Amino acid sequence: MANVLMGEYLHNMDAKGRVSFPTKLREILGETFYVTKTIDKHCLTVYPQEEWEKLSNKVAQLPQAKSANIRRVLFSGAGELNPDKQGRVLIPQHLREYAGLDKDVIVIGACNVAEIWDKAAWDDFNSSFDTADLMEVMGEYNV
């Protein structure tokens, strides 16, 4: 995987909901990328087009009875992001509300996706996760 999204970038969101998206991440994500709710945390996940298409195809192949809620959460509020000339993207209002985004946001690279967090929520996450759990998962997969 040559194009790994990584790093942590602090940015301010303006009153219109625009965030300057890090150049290093934009270079990998491309001209158009997709944002939606993260299922396990109140933050947003940003997908490059190829990853978005992979996810969409996988979900489409799931039985409707098992995937209805996944479809609702992932796709009902998803948005397409196109950076402007200054590299800013407009985060839709309903997604800003879901993730609790106000002014200070953190954009992180997370391997094949990026995430957008409220800075306070990111700080809370970092101070609360259990490293023993991480080590257990890494051991399970020989990482």
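Me: Which residue in β5 does Val35 stand opposite?
Reply: Val35 stands opposite Gly79 in β5. This is a predicted model, where local features need pLDDT of at least 70, side-chain atom pairs count only at pLDDT 80 or more, and totals for chains, interfaces and linings use all residues. Residues are numbered from 1 along each chain as its sequence is written, and side-chain values use heavy atoms, with hydrogens and water left out.

Me: How many bridges between β3 and β5?
Reply: Three, in the antiparallel sense, with β3 covering residues 33-37. Two strands count as paired if DSSP finds at least two bridges between them. Strands (E, at least two residues) and helices (H or I, at least four) are DSSP runs, numbered from the N terminus.

Me: What's the strand order in the sheet?
Reply: β1-β7-β8-β4-β3-β5, an open sheet of six strands with antiparallel pairing. Its edge strands, each pairing on one side only, are β1 (8-12) and β5 (79-81). On average, neighbouring strands are turned by 30° against each other, direction ignored.

Me: Which helix touches β3 and β4?
Reply: Helix α2, residues 49-61, packs on the sheet there, and its direction makes about 105° with that of β4 (44-48). Helix α5 (119-128) also packs on the sheet, touching β1, β7 (104-110) and β8 (113-118), with about 105° between its direction and that of β8. Contact means heavy atoms within 4.5 Å. Axes are lines fitted to C-alpha atoms, for helices over the stretch in contact, and angles run from 0 to 180 degrees between N-to-C directions.

Me: Switching to charges. How many salt bridges?
Reply: Five, taking a salt bridge as a side-chain nitrogen of Lys or Arg within 4 Å of a carboxyl oxygen of Asp or Glu. One of them joins Arg18 and Asp14 at 2.6 Å, N to O. Asp84 and Arg88 form another, with their closest N and O atoms 2.8 Å apart.

Me: Where do Glu51 and Lys54 lie?
Reply: Both are in helix α2, three residues apart, about one turn of the helix.

Me: Is Glu51 buried or exposed?
Reply: Buried, because its relative accessible area is 17%, and buried means under 20%, exposed over 50%, partly exposed in between (1.4 Å probe, protein chains only). Lys54 is partly exposed, at 40%.

Me: What is the phi of Cys111 near?
Reply: Near 75°, a positive value in a residue other than glycine. Most residues other than glycine have a negative phi. Cys111 sits in the loop between β7 and β8 and is partly exposed, with a relative accessible area of 38%.
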